[in-house]
Amino acid sequence: MSVKTPENMGPVDELKRSLLKKTSVFLGALGLAGIGVPLLSYLSPNRSTREAGKPISVDVSGMKIGEQKTVLWRSKPVWIIRRSEAMLASLGLVDGKLKDPDSDVAQQPVYARNEARSIRPDFLVLLGICTHLGCSPTYRPDPKSVDDTWAGGFYCSCHGSKFDLAGRVFKNMPAPSNLEVPPYHFSDENTLVIGDGGA
Ligand code: FES
């Protein structure tokens, strides 16, 4: 039996070999594309995920003093509260009773690291999620509406955590830290952009 070597191969065999090679390359590329496309779509977030992560704009022009508005950002509740002068004055009265009055624990952007924990004192923006186990506290702005010393704030009925009107937690509460301030900025006088800390 004669063994075929490159030297004794005829022109037909050469043609077959070249065709076979091209077909294998083509099928290989097709296979890679077949794996690559689903892999890429798996790795890149789908449109609704991308949309959900985007900053949101909120018109605050119609908000009354003392009003609370809740919006959803990244599927989390974000509170916007328009504070009165009296509400802001109450912040100075409770400093000695707070766990972290100066917001030393960094759960807010630097521009909100002040007594009012906000860019503009009249507008408070907070994630409405208790830092203990994630319940959503309720807004209780009226003095004495929770206890006799209550000056207004947020009350988490799950395990009794209390926060002042800047979201600062009182001492000896189950919640370990102040309520979180999300990134935000005002794009104009009446428009709040949540999810983007601005320039
Ligand atoms: S979840 Fe708010 S006090 Fe426990």
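Strands E5 and E6 run antiparallel, and three bridges hold them together. Keep in mind that this is a predicted model.

**The three-stranded sheet**
- E5 and E6 belong to an open sheet of three strands, lined up in the order E5-E6-E7 with antiparallel pairing.
- The edges are E5 (138–140) and E7 (161–163), each of which pairs on one side only.
- Going from one strand to the next, the twist averages 25 degrees.

- In soluble globular proteins, nonpolar side chains tend to be buried together.
- Here, the largest nonpolar core has 27 residues, and Val-78, Leu-124, Val-125, Leu-126, Leu-179 and Ile-194 have the most contacts inside it.
- Two or more core residues come from each of these elements: strand E3 (76–82), helix H3 (85–91), strand E4 (123–127), strand E6 (153–156) and strand E9 (191–194).
- Now zoom in on Val-125: setting aside neighbours within four places in sequence, its contacts include Val-78, Ile-80, Val-181, Leu-192 and Ile-194.

**The whole chain**
- There are three helices and nine strands.
- Reading from the N terminus, the elements go α-α-β-β-β-α-β-β-β-β-β-β.
- Of the 199 residues in the chain, 23% are buried.
- Among contacts with a separation of 6 or more, 57% link residues 24 or more positions apart.

Methods:
Residues numbered from 1 in each chain as written. Predicted model: local features only at pLDDT ≥ 70, side-chain atom pairs only at ≥ 80, totals over all residues. Core = buried A, V, L, I, M, F, W, Y, C linked by C-beta atoms within 7 Å. Buried ≥ 20, exposed ≤ 12 C-beta atoms within 10 Å, placed from the backbone. Helix = DSSP H or I, 4+ residues; strand = E, 2+ residues; numbered from the N terminus. Contact = placed C-beta atoms within 7 Å. Pairing = 2+ DSSP bridges. Axes fitted to C-alpha atoms, helices over the stretch in contact; angles between N-to-C directions.
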